[in-house]
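Hi there,

Here is the structure we talked about, with some notes on what turned up in it. Have a look at the model first, and then read on.

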Amino acid sequence: MDNQDELLPVVDAGGETVGKMTRREAHDGSKQLHPVVHLQLFNGKGEIYLQKRPLWKPIQPGKWDTACGGHVGYGETIDEALCREVNEELGIDVHDVEVQFVTRYVFESKVERELVYVYKAIWDGEVNPSNEELDGGRFFNVSELREEDCTPNFWQEFNTRL
């Protein structure tokens, strides 16, 4: 389970920290803007890797999502968060991959507002999805994606930015 007392930064639209809150507060409907990182991972065949969100997650349980995604901790840089999340969720050292920044956008749902930093990379090595944080993952070709139950964040990024 996620640590609901974990501290996260509250940011303005430019990404500057203006306060702090707990993970619980980030999802309580107050919609305080907080940063997250996403990595879209492709292989050399052009397939995209998706993670399966576990059913215990309060946001988008059981859906397919970006290869890697997570909150930026309070006092942590975007790059540090990306490195940590890629290692924790996929078992990949981000220093072994050429990662490219794609875009930054605000995503808003019924319970939260995120400043999403999106990156992409090509990786033909082994992916070792976390048994604690994910319900697995795999590479999909584009035709397979249309048949899957994916998160709105994923579709927004896939359809407009990648």
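Glutamate 47 is buried, with a relative accessible area of 19% (buried means under 20% relative accessible area, exposed over 50%, and partly exposed in between, using a 1.4 Å probe and protein chains only). Its partner in a salt bridge is lysine 45, with the closest N and O atoms 3.8 Å apart; a salt bridge here is a side-chain nitrogen of Lys or Arg within 4 Å of a carboxyl oxygen of Asp or Glu. Lysine 45, by contrast, is exposed, at a relative accessible area of 69%.

Before going further, please keep in mind that this is a predicted model: local features need pLDDT of at least 70, side-chain atom pairs count only at pLDDT 80 or more, and totals for chains, interfaces and linings use all residues. Residues are numbered from 1 along each chain as its sequence is written, and side-chain values use heavy atoms, with hydrogens and water left out.

Salt bridges

The structure holds ten salt bridges. Another of them joins aspartate 65 to arginine 53, where the closest N and O atoms are 3.7 Å apart. Aspartate 65 lies in strand E5 and arginine 53 in the loop between E4 and E5, so this pair ties together parts that are twelve residues apart in sequence. (Helices, H or I with at least four residues, and strands, E with at least two, are DSSP runs numbered from the N terminus.) Aspartate 65 is buried, at 9% relative accessible area, and arginine 53 is buried as well, at 14%.

Glutamate 85 forms a salt bridge with arginine 84, and there the closest N and O atoms are 2.7 Å apart. Glutamate 85 counts as buried at 6% relative accessibility, while arginine 84 is partly exposed at 24%. Through shared partners, salt bridges join Glu76, Arg84, Glu85 and Glu88 into one network.

Helix H2

Glutamate 85 also belongs to the buried set of H2, along with Ala81, Leu82, Val86, Glu89 and Leu90. These residues cover an arc of only 125 degrees around the axis, which puts them on the same side of H2; the arc is that of the directions from the helix axis to the C-beta atoms. They pack against strands E3 (33–42), E4 (48–52), E6 (68–71), E7 (99–108) and E8 (113–122). After H2 comes glycine 91, whose phi is positive, near 70 degrees.

Aromatic rings

How many aromatic pairs are there? The count comes to four, where rings of Phe, Tyr and Trp (its six-membered ring) pair if their centres lie within 6.5 Å, and planes under 30 degrees apart count as stacked, over 60 as edge-to-face and the rest as tilted. The rings of tryptophan 64 and phenylalanine 140 have centres 4.9 Å apart and planes at 80 degrees, so this pair is edge-to-face. Tryptophan 64 sits in strand E5 (residues 64–66) and phenylalanine 140 in strand E9 (residues 137–140), so the pair ties together parts that are 76 residues apart in sequence. Both tryptophan 64 and phenylalanine 140 are buried.

Threonine 66

Threonine 66 is found in strand E5 too. Threonine 66 is buried, with a relative accessible area of 0%. Leaving out residues up to four places away in sequence, threonine 66 touches His38, Leu39, Gln40, Tyr49, Leu50, Gln51, Phe154 and Glu157, contact meaning heavy atoms within 4.5 Å.

Best wishes
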